Amino acid sequence: MTRRDFVQLPAGAPLMDDHRAAQAPAPGAARLPTIYEAVEAVARELYWRALKDIPPDVRAALRGGLQSERQSGNATAGQVLFTILENIRTADEQDTLVCQDTGLPIYKILVGGTLQLDIPELKERIRRGCQRATAEYPLRSNTVHPLTRKHTGTNTGQGIPVIMLDFIPGTDHIEVHMAPKGSGSENMSFLRMLNPEEGRQGIKKFVLDCVVASGAQPCPPVVVGVGLGGTSDLAVQLAKEASTFRPIGSSNGDPDVAQLERELLGLINQTGIGPQGLGGATTALAVHIEWAHTHITQNPVAVNMQCWRGERAHAVITPEGKVTYSHGAL
Amino acid sequence: MAHYKLRTPLTELDIRRLRVEDTVAIDGVIFGIRDATQIRIFDRGVPPPADLTGAVCLHTAPGVRKRPDGTYEKLSIGTTTSTRMNRFVPGLVGKYGVRAIIGKGGVLEDSVAAMARHGAAYFAIVGGAAALTTKQIEAIERVWWEDLMPECFWQFRVKEFGPLIVAIDSHGESLYRRVRERAEQRVKEFRLK
């Protein structure tokens, strides 16, 4: 199979590609798509779903924020949260995008351990689904060369979409998690290699400093993702998974880490930054921490923010190509 | 806190009566500008293609579809972070007479001072609320500098565009500064364990 980097597909191109179309049964015959065709269709569909349909846990957290800001008599914060919920309602009614920032596409793919798959083809189908989502809607494309700032026009390019690949033992299906990561929040990303002696206190101080330095810019109320431990790159990746793919209301499986999540959420919401950084008690909807073991001489902490829209979408694909959609939970 | 309905172009009087935490809604015309638009104006020295005296500018790069007749259909128009474009604010209000900037995230102290000097204000819109913003924009009336797509110079017709929150007024007061200073103070007072 040939690589097809940077292909701009015409709008309305048929879902099946050329080499598979040749093997397709006669018109009229019932036929499930191959698993690769399903992956391409899912990659396209999840991009749209994530941009349009805010997950129920995020909606509930925003409604909770509105209620508490109104109870405390903060008119500005109440106005901002009311507008956010009105915006979500408008997007539902008009079947349109919640936010204009179509982000940088991130796909986390979990492949069942008993599946025999051509992984390069799988990755290629994700890329093509992403290109088709962009061309066929059409979505605003955001991908540019980091030096020349030249647009690719497809929301794909070198290294984009970001594809995180992992495996699930003992199953034969594929799970696809998708997040179109918006830039207001992504620009508020931080890494500090703290000293071990700075400990828990140093970790808290760093996270709080990041939230205060970010202020209004990441579109609060945010989900604060924290990556603890690992190597520097692993800490950053864990922070991203924590901010982006975990539902609000979930807590880390390690009780000590879950305790730190609760303490940090309480402290962040005492800073008074509030919705859109205009003041209030609803600065973060959640703090999610993911962790890895680290070196005895290291104490890495990474912070990644997710804006109020908390966008994510998810699908499960069976080996026959049957697809079930949800908002997903890692 | 008071609510004001404003019609463009805005006068100095329109702006001087506003105080932080007031809300406004706008009728008339607003211009859409972004990073690349302002780099062309201020770094390349190309004058803005429209008269910005009394103008309202929105920090945006819209998602659009071009119609066969060359006009644009709005798909998703929202607001980007203003802080990135802070260095252009003194020029917009000082040199070109812009009276209001609509954005999210706020601008820095040099811009707050420039707005106080020239009688301009910063209106906070809810970042990410593009579905509502798009609904409140009646039409894309004109577009210049299409080579910068989507960061062109856009002219939008708006009706009851808002509510927007006056986050920086023309008297040197900034809600962002107030909130940030309070947050820094509170973090200092936390007894972290």
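The following legends describe close-up views of a predicted model.

**View 1. The two domains of chain A.** Chain A is divided into domain 1, which comprises 33–51 + 99–181 + 311–326, and domain 2, which comprises 183–306. The centres of these two domains, taken over C-alpha atoms, are separated by 26 Å. Where the domains meet, eight residues of domain 1 are in contact with five residues of domain 2. On the domain 1 side, strand S1 (104–112) and strand S3 of chain A each supply at least two residues. S3(A) gives the most to this side, with three residues. By class, the domain 1 side holds two nonpolar, two polar and four charged residues.

**View 2. The open sheet of chain A.** Five strands of chain A form an open sheet in the order S2-S1-S3-S8-S9, with mixed pairing. Strand S2 (162–168) and strand S9 (323–326) stand at the edges with a single partner strand each, so one side of each has no neighbour in the sheet. Direction ignored, neighbouring strands of the sheet are turned by 15° against each other on average. Within the sheet, strand S3 (residues 174–181) and strand S8 (residues 313–317) of chain A run antiparallel and are joined by five bridges. A:Val176 has A:Ala315 as its bridge partner in S8(A).

**View 3. The surroundings of A:Ile106.** A:Ile106 is found in strand S1 of chain A. This residue counts as buried because 22 C-beta neighbours lie inside 10 Å. Apart from residues up to four places away in sequence, A:Ile106 touches A:Pro161, A:Val162, A:Ala179, A:Lys181 and A:Thr244. A:Glu311 stands 205 residues from A:Ile106 in sequence, and the two are 11 Å apart in space, C-alpha to C-alpha.

**View 4. The contact between chain B and chain A.** In this contact, 38 residues of chain B meet 43 residues of chain A. On the chain B side, the elements that give two or more residues are strand S4 (63–66), helix H5 (130–136), strand S9 (153–168) and helix H6 (175–189). H6(B) gives the most to this side, with nine residues. The chain B side has 20 nonpolar, nine polar and nine charged residues.

**View 5. The largest nonpolar core.** The largest nonpolar core has 133 residues, and those that touch the most other members are A:Val224, B:Phe123 and B:Ala167. Domain 1 (33–51 + 99–181 + 311–326) and domain 2 (183–306) of chain A both give residues to this core, so the core lies between them. Leaving out residues up to four places away in sequence, B:Phe123 touches B:Val24, B:Ala100, B:Ile102, B:Leu164, B:Ile165, B:Val166 and B:Ala167.

**View 6. The surroundings of B:Ile137.** B:Ile137 has its place in strand S8 (residues 137–144) of chain B. With 22 other C-beta atoms within 10 Å, B:Ile137 is buried. Neighbours within four places in sequence aside, B:Ile137 is in contact with B:Lys74, B:Ile77, B:Phe156 and B:Val158. B:Asp147 lies 10 residues from B:Ile137 along the chain, and 23 Å separate the C-alpha atoms of the two residues.

Terms used:
Residues numbered from 1 in each chain as written. Chains lettered and ligands numbered in written order. Predicted model: local features only at pLDDT ≥ 70, side-chain atom pairs only at ≥ 80, totals over all residues. Core = buried A, V, L, I, M, F, W, Y, C linked by C-beta atoms within 7 Å. Buried ≥ 20, exposed ≤ 12 C-beta atoms within 10 Å, placed from the backbone. Domains from an automatic or database assignment. Contact = placed C-beta atoms within 7 Å. Pairing = 2+ DSSP bridges. Helix = DSSP H or I, 4+ residues; strand = E, 2+ residues; numbered from the N terminus. Axes fitted to C-alpha atoms, helices over the stretch in contact; angles between N-to-C directions. Nonpolar A, V, L, I, M, F, W, Y, C, P; charged D, E, K, R; others polar.
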